[in-house]
Amino acid sequence: MQSLFYSFFVPALFVWLWSTGFIGAKYGLPYAEPFTLLLIRMLLTLVLLLGLAWLLKTRWPGWRAAGHLAVTGLLVHGCYLGGTYYAIQGEMPAGIVSLVVGLQPLVTAGAAVLVLKESVSGRQWLGLGLGLLGVTLVLIEKFGGDSPGSGFPIWTLAWALLALTGISIGTVYQKRHGTGADLVAGTIIQYGAAALFFAAGALLLETREVVWSVQLQLSLAWLVLGVSIGAILLLMWLIRRGAASQVASLFYLVPPVTALEAFWLFDERLGLLAMTGGIISIAGVALVVSNRRPG
């Protein structure tokens, strides 16, 4: 029973928590613009994490390591969350946004070949091809205008691709410039850099008006406690137990879980072509992830 808890339940819980980030964004965005909402989320999260760091007597990294962590934070949190939120605000369905950014293992594998000179097996190349084919089918249906929920603005795709690029390059950067810093301290530095990015974006691009509705407050509470802290600390716990590979192998379940949540909560529907493309894409990601060597 204990083995089942560690090998399935905890990684699956992490995947579910991560998937709800897309849902929480959709609930909160009617009441605050993307960068403004993200800035509030980051500041609330930082207050709680700084308290946790004080309780744990966290050791802080040096300036050079902190710089690498800040760059990772700008890419993995700044570009990823900023792109995701703007895509959702632009009426791209949450399930489609999740599917696009869910290609991260594929893009990361490609970037690792170019930057880290890693080898890619034939099975992984097949996975890369299937992933791209699947997303292409989804976008063909959605931009074709004949399916339920089709016709979202094409510019939202640029934001989703920014999110995908940010988290993919950030992952490779973190792997190349890993600092070995304390996980809580590293998370605080990454979130701090992302908060500065969101503050600049809010000042330059947005009105910064916020409607403090109950729905927004509940959305923020979940995004901060459930996702920014809960999911991240759960990931830390899994890594410390050597279960990071289990998280990676389950991560491709985020898009279908998000799609089911979005269907139930927002009546977001996918046509046959999009569902087929989603299944093909998920299978492609699974091939890439399941064939990775640890390390």
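Trainee: How many aromatic pairs does a search of the whole structure find?

Mentor: First, a word on the source: this is a predicted model, where local features need pLDDT of at least 70, side-chain atom pairs count only at pLDDT 80 or more, and totals for chains, interfaces and linings use all residues. Residues are numbered from 1 along each chain as its sequence is written, and side-chain values use heavy atoms, with hydrogens and water left out. Rings of Phe, Tyr and Trp (its six-membered ring) pair if their centres lie within 6.5 Å. By that rule, the number of aromatic pairs found in the whole structure is nine.

Trainee: Is the pair of Trp-18 and Tyr-80 stacked or edge-to-face?

Mentor: Planes under 30 degrees apart count as stacked, over 60 as edge-to-face and the rest as tilted. Trp-18 and Tyr-80 sit 6.2 Å centre to centre with 25° between the planes, so the pair is stacked.

Trainee: Which helix gives the largest share of the lining of the largest cavity?

Mentor: On a 1 Å grid over the protein atoms alone, a cavity is a set of points where a 1.4 Å probe fits but cannot get out, and lining residues have an atom within 4 Å of a point. The largest cavity has a volume of about 180 Å³, and among its 16 lining residues, Trp-18, Arg-41, Tyr-80, Leu-81 and Val-227 lie nearest its centre. Two or more lining residues come from each of H1 (2–28), H2, H3 (63–89) and H9 (214–240). The largest share, six residues, is from H3.

Trainee: Are H3 and H7 roughly parallel or roughly antiparallel?

Mentor: Axes are lines fitted to C-alpha atoms, for helices over the stretch in contact, and angles run from 0 to 180 degrees between N-to-C directions. The axes of H3 and H7 (residues 155–176) come within 7 Å and cross at roughly 160°. Angles under 35 degrees count as roughly parallel and over 145 as roughly antiparallel. H3 and H7 are therefore roughly antiparallel.

Trainee: How many charged residues are in the contact of H2 with H8?

Mentor: The axes of H2 (residues 34–56) and H8 (residues 183–205) come within 9 Å and cross at roughly 155°. Ala, Val, Leu, Ile, Met, Phe, Trp, Tyr, Cys and Pro count as nonpolar, Asp, Glu, Lys and Arg as charged, and the others, Gly among them, as polar. The contact has 20 nonpolar residues and five polar, and the charged count is none: no charged residues.

Trainee: Which helix gives the most to the lining of the second largest pocket?

Mentor: A pocket is an open set of points with protein on both sides within 12 Å along at least five of seven lines. The second largest pocket is lined by 20 residues, with Pro-256, Ala-259, Leu-260, Leu-270 and Met-275 nearest its centre. That lining divides into 15 nonpolar, two polar and three charged residues. The helix that gives the most, with six residues, is H11.

Terms used. Helix = DSSP H or I, 4+ residues; strand = E, 2+ residues; numbered from the N terminus. Points joined across faces, edges and corners; volume = space filled by probe spheres on them. Parallel < 35°, antiparallel > 145°, perpendicular 65-115°, else oblique.
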